[in-house]
Amino acid sequence: MLNGVVGFQLLDDGTPLSLGLILGSAAALFIGTGYIALDTAFSYSGHFDSSRGGDNRNVGLYVLYQLAPLVFLVAFFVLETVLVLKVLGEKKPMLYLAGAALLFAIGQIFQYVISTHICSGTDGKINGALFETLFTLLAVVMTWVFWSSITEDDWPMPVSGGTYT
């Protein structure tokens, strides 16, 4: 989500403060999720013991693994939409962003809806994770194409017919 704020240039890219905020928030989410996952699995504190029996549901893990990333993704897309349409005044990059959102949604459909049908059709040999990973990768590529289309930097391209030495 902080990557979506970077485009507004509230903080300069690559400064120790901007990198520290991104690394700090990632570390906090990693440590929090890791603690809850380990405490659930190994019952260090006994706080999550209720999730070990019955339906095997852990609300904390659900929020940190599923809900928080979804909220961050929606916030990123909203921030980037505002940046492109209001600040930059362009429309073409929105096609790339919409393509990334569509590819990501298709990947999630494979993971949560189609996966059970693939798994039962192949007797448990494969599931929808292969296709979910593929479409998520394509969504990341489209996000890179989107970001590349709104930045001013040129990427070094090899001269046709030339080789790197």
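So, how many helices and how many strands does the protein chain have? The protein chain has five helices and zero strands. By helices I mean DSSP runs of H or I with at least four residues, strands would be E runs of at least two, and the numbering starts at the N terminus. Along the sequence that reads α-α-α-α-α.

Before going on, a word about the model. It's a predicted one, where local features need pLDDT of at least 70 and side-chain atom pairs count only at pLDDT 80 or more, while totals for chains, interfaces and linings use all residues. Residues are numbered from 1 along each chain as its sequence is written, and side-chain values use heavy atoms, with hydrogens and water left out.

Okay, the whole chain. Of its 165 residues, 20% are buried. Buried means under 20% relative accessible area, exposed means over 50%, and partly exposed is in between, with a 1.4 Å probe and protein chains only. The accessible surface comes to about 11600 Å², and carbon and sulfur atoms account for 69% of that. These areas come from the Shrake-Rupley method with a 1.4 Å probe, and for residues only the protein chains shown count as cover. Now contacts, meaning heavy atoms within 4.5 Å. Among those between residues at least 6 apart in sequence, 51% join residues at least 24 apart.

Next up, helix pairs. Two packed helices are described by the angle between their axes and the distance between the axes. Axes here are lines fitted to C-alpha atoms, for helices over the stretch in contact, and angles run from 0 to 180 degrees between N-to-C directions.

Take helix 2, residues 16-42, and helix 3, residues 59-88: they pack at about 155 degrees, with axes 9 Å apart. So these two are roughly antiparallel to each other. The cut-offs are under 35 degrees for roughly parallel, over 145 for roughly antiparallel, 65 to 115 for roughly perpendicular, and oblique for the rest. On the helix 2 side you'll find Leu29, Gly32, Thr33, Ile36, Ala37 and Thr40, and they meet Gly60, Leu61, Leu64, Tyr65 and Phe72 in helix 3. By class, that contact has seven nonpolar, four polar and no charged residues. Nonpolar covers Ala, Val, Leu, Ile, Met, Phe, Trp, Tyr, Cys and Pro, charged covers Asp, Glu, Lys and Arg, and the others, Gly among them, are polar.

Then there's helix 4, residues 92-121, with helix 5: their axes come within 8 Å and cross at roughly 170 degrees. That makes helix 4 roughly antiparallel to helix 5. Their contact divides into 18 nonpolar, seven polar and one charged.

Thr136 is partly exposed, at 21%.

Now the loops. Most residues other than glycine have a negative phi. Ser43, though, has a positive phi of about 55 degrees, and Ser43 is in the loop between helix 2 and helix 3. Asp123 also has a positive phi, near 55 degrees, and its place is the loop between helix 4 and helix 5. Is each one buried or exposed? Ser43 is partly exposed at 26%, and Asp123 is exposed at 65%.
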